[in-house]
Amino acid sequence: MHPVGRSLGSLWLLIGLITYVVYRSATNLPIFSRIGAKEVKPGAHKIEVVVFLRLPEKTDQVARLLSKALDRRFVLHLVHVLDPRGLTSSELAEVRDEALEELREIARILKKRGYEVTTNVLWGDPIEISLEEASRETYDFAVVLSSKRRVFKGQISEEAMASRLSATLPGKVIVIRRD
């Protein structure tokens, strides 16, 4: 029985090697290779977070608050919602560009700290656009920076935004309070 077993065992190994070579060739992979760092999936799930900011802000203070409250597992999507009421199209474009530049500055600081960050400026009713954006399947959570800053006529307070988002999307809103 042993001579037959040795022959069948060797044949079995040879079939396995041939199958491996055929598979690697069919999938355009090298026959001998190591897995590179870029091919290894991260061990932890990245948490997608939309961060609603009311501009203008102190960019370094916002970056410090976000990095203190959220670790690097969070992918931050910085969003500012412009209310276009009372603005001409040229004023809207100018305000949008200023807001985008400020968001990019915050993103630059956060990227230096190791975060993945994107920026976007949307326009429309701040509450409605924020609700629409936060309820998208893309985001795991919505973040609102809350303070007792003065609210000017026609603006929505961060407290009101956080309250409305929390009421509509329970368990999906993170409120970061400022000192």
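Helices (H or I, at least four residues) and strands (E, at least two) are DSSP runs, numbered from the N terminus. I write this down before anything else, since my entries name these elements.

**Entry 1: ground rules.** I am looking at a predicted model, in which local features need pLDDT of at least 70 and side-chain atom pairs count only at pLDDT 80 or more, while totals for chains, interfaces and linings use all residues. Residues are numbered from 1 along each chain as its sequence is written, and side-chain values use heavy atoms, with hydrogens and water left out.

**Entry 2: a loop residue.** I looked up Asn28, which sits in the loop between α1 (2-26) and β1 (47-52). Its phi is positive, about 55°, although Asn28 is not a glycine. Is Asn28 buried or exposed? I use the cut-offs of under 20% relative accessible area for buried, over 50% for exposed and partly exposed in between, with a 1.4 Å probe and protein chains only. Asn28 has a relative accessible area of 70% and is therefore exposed.

**Entry 3: helix α3.** I then followed α3 (residues 89-112), whose 24 residues reach 34 Å from the first C-alpha to the last, close to the 34 Å expected at 1.5 Å a residue; the expected span is 1.5 Å times one less than the number of residues. Among its buried residues I noted Leu92, Ala99, Leu103, Ile106 and Leu110. An α-helix has 3.6 residues a turn, so residues three or four places apart point the same way. The cover over the buried residues of α3 includes α2 (59-69), β2 (74-82) and β3 (116-123). After α3 comes Gly114, with a positive phi near 100°.

**Entry 4: the cores.** A nonpolar core is a set of buried Ala, Val, Leu, Ile, Met, Phe, Trp, Tyr and Cys residues joined through side-chain atoms within 4.5 Å. The largest one has 27 residues, and Val51, Leu53, Leu66, Leu76, Leu78 and Leu110 have the most contacts inside it. Two or more residues of this core come from each of β1, α2, β2, α3, β3 and β4 (141-146), and α3 gives the most, with eight residues. Apart from this core lies another, of 17 residues, including Val79, Ile127, Tyr139 and Ala162.

**Entry 5: Ala134.** I ended with Ala134, found in helix α4 (residues 126-134), which counts as buried because its relative accessibility is 0%. Leaving aside neighbours within four places in sequence, I found Ala134 in contact with Val50, Phe52, Ala142, Leu165, Leu169 and Lys172, where contact means heavy atoms within 4.5 Å. Ala134 and Val51 are 83 residues apart in sequence, but 9.1 Å apart in space, C-alpha to C-alpha.
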